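Thanks for coming, everyone. Please look at the structure on the screen while I talk. I'll go through helix packing, then a pocket.

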Amino acid sequence: MYYVSRLLVFLWVMVLVLSCKSNETKAIDCIDQVIKLDDSLGKKRNFDCVELSLSKTIINYTDVINSIDFSTCPDEFTTAFKSHIEAWKNMIEVTDNHDTLRGEMHDLFDSIEHTKDSLQFKIYLNAIWSTWADVEKAMEFNR
């Protein structure tokens, strides 16, 4: 009887360990899927503004990213990524002032850096980069 109860305890612990591992795997898979989608959307975003305004390009990008299911992602990652999305949305306040610019996004950003909106632009751009650094930290923390 002693061995049977020990075996049952061992099996119960194994079930708990495996279910935790399953949740860890789901979390890592969720992070990987979000990052993969963001990578492809980011490449598209960078060139959509050849034909669309910067603001419309950013709206399209953030709308799709906002529709991602983060339910199996770790909370730290989800929070960091949603802050990153908000940082992008804040940039629209500046890009609205440059609705006729067309070209690759980084080239357009370089142009805006030399306008009267330079200071505000740099603040929002720094927020985009700092929130992305938070996303990367959350990714590493959950690996």
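**Helices and a pocket**

α3 passes α5 in a left-handed crossing. Left-handed means that the near helix is turned anticlockwise from the far one by less than a right angle; clockwise would be right-handed. Helices here are DSSP runs of H or I with at least four residues, numbered from the N terminus.

A word on the source. This is a predicted model, in which local features need pLDDT of at least 70 and side-chain atom pairs count only at pLDDT 80 or more, while totals for chains, interfaces and linings use all residues. Residues are numbered from 1 along each chain as its sequence is written, and side-chain values use heavy atoms, with hydrogens and water left out.

How do we describe two packed helices? We use the angle between their axes and the distance between the axes. Axes are lines fitted to C-alpha atoms, for helices over the stretch in contact, and angles run from 0 to 180 degrees between N-to-C directions.

Back to α3 and α5. Their axes come within 8 Å and cross at roughly 165 degrees. The two are therefore roughly antiparallel to each other. The cut-offs: under 35 degrees is roughly parallel, over 145 roughly antiparallel, 65 to 115 roughly perpendicular, and the rest oblique. The contact of α3 with α5 has 17 nonpolar, five polar and three charged residues. Nonpolar covers Ala, Val, Leu, Ile, Met, Phe, Trp, Tyr, Cys and Pro; charged covers Asp, Glu, Lys and Arg; the others, Gly among them, are polar.

Next, α3 (residues 75-95) and α4 (residues 105-112). Their axes come within 12 Å and cross at roughly 55 degrees. That makes α3 oblique to α4. The crossing of this pair is left-handed. Trp 88, Met 91, Val 94 and Thr 95 of α3 meet Met 105, Phe 109 and Ile 112 of α4. Contact means heavy atoms within 4.5 Å. Six of these residues are nonpolar, one is polar and none is charged.

Now α2, residues 54-66. α2 packs on α4 at about 130 degrees, with axes 12 Å apart. So α2 is oblique to α4. From α2 come Leu 54, Thr 57 and Ile 58; from α4 come Met 105, Leu 108, Phe 109 and Ile 112.

Last, the largest pocket. A pocket is an open set of points on a 1 Å grid over the protein atoms alone, where a 1.4 Å probe fits, with protein on both sides within 12 Å along at least five of seven lines; lining residues have an atom within 4 Å of a point. Of the 19 lining residues, the closest to the centre are Arg 45, Asn 46, Trp 88, His 106 and Trp 129. Which helix gives the largest share of the lining? It is α1, with six residues.
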